[in-house]
Amino acid sequence: MSIFFHEQLYRSHAVMTKLKDYRITICGAGALGANIVENLARSGFDKLTVIDCDRIEERNLSTQPYYRSDVGAFKAKILANNLYRAIGTKVDAKTKELTPVNTNQLLQDSQLIVDVFDNSVARQAVKDYADQKSIPCLHAGLSSDYAEVIWNDIYRVPSGVNDDVCDYPLARNLVMLTVAVACEAIISFIATAEQRNFTITLKDLTVQSFFE
C-alpha cells in the first residue's frame, strides 16, 4: 500500500501525479518552513528543496520538528535526513544564506517558491527574484496572534524593524494552523492555478480570505 494512500483517495491520482513532480523551494527551515517541508513531503511532493543556514537551538524544539540530539546541527540537513528516514523522500538541503547576489543560483530550478524567512532583506530578495522570473511565490509570516499566507503579486515585505528579534511570542497552534493553510493554498494552486490568499488569527480561530 502506498505511503500516500489516504491523500490520494482525497486528492485523486491526477493531482497526486502533479504534486510528485512539482519542484518547490522552501526558503527557511524554522517554525513555518520546517513544518511546511514535512507537510508537503508527507502529502506526496517528491521534488523539494529547502534553504536555511541556521543551526538548531533548544528553543526551536517546541515549534519545529527536531530533537534534542539535533541541537547545534544545520536545520536543513537534519530536516532532509529525518524525512528520508521517515518516508524515503529526498529533500535537497542547502545550508547557505540567501542574499540578493545568489538568488539565481539557489532558486533557478524552482517551479514555485515558498518564502518563510524571518528577515526583510531575504524576503525582499525572494520577492524580487520571483517578480523578475515570473515564478509563483507564496509568502507566509507570523506576528503574535496573527499570520498571513499571501501570493507574490499582492505581498508587501514587512519593515525590518523587528528582524533578528529572538524574544517574541510564538504559539505552536498558530504555527501549525498557518502551515496547514499554506500547504492547502499550494496544493490548490497546483491543482487549479488559483492563487488564494489568507489571514489567520489564533484567539478567535479564524481563517479568512484576503483581498487587497
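How do the residues of the lining of the second largest pocket divide into nonpolar, polar and charged? The structure is a predicted model, in which local features need pLDDT of at least 70 and side-chain atom pairs count only at pLDDT 80 or more, while totals for chains, interfaces and linings use all residues. Residues are numbered from 1 along each chain as its sequence is written, and side-chain values use heavy atoms, with hydrogens and water left out.

The lining comprises five nonpolar, five polar and seven charged residues; here Ala, Val, Leu, Ile, Met, Phe, Trp, Tyr, Cys and Pro count as nonpolar, Asp, Glu, Lys and Arg as charged, and the others, Gly among them, as polar. A pocket is an open set of points on a 1 Å grid over the protein atoms alone, where a 1.4 Å probe fits, with protein on both sides within 12 Å along at least five of seven lines; lining residues have an atom within 4 Å of a point. Of the 17 lining residues, Arg23, Thr25, Thr49, Asp92 and Asp109 lie nearest the centre.

Turning to helix H2 (residues 13-21), its buried residues are Val15, Met16 and Leu19 (buried means under 20% relative accessible area, exposed over 50%, with a 1.4 Å probe and protein chains only; helices are DSSP runs of H or I, at least four residues, numbered from the N terminus). The exposed residues His13 and Ala14 sit on the face turned away from that buried side. Helix H7 (172-192) is included in what covers the buried residues of H2.

Helix H7 also holds Thr178, which counts as buried at 1% relative accessibility.

Definitions and conventions
Helices (H or I, at least four residues) and strands (E, at least two) are DSSP runs, numbered from the N terminus. Contact means heavy atoms within 4.5 Å.
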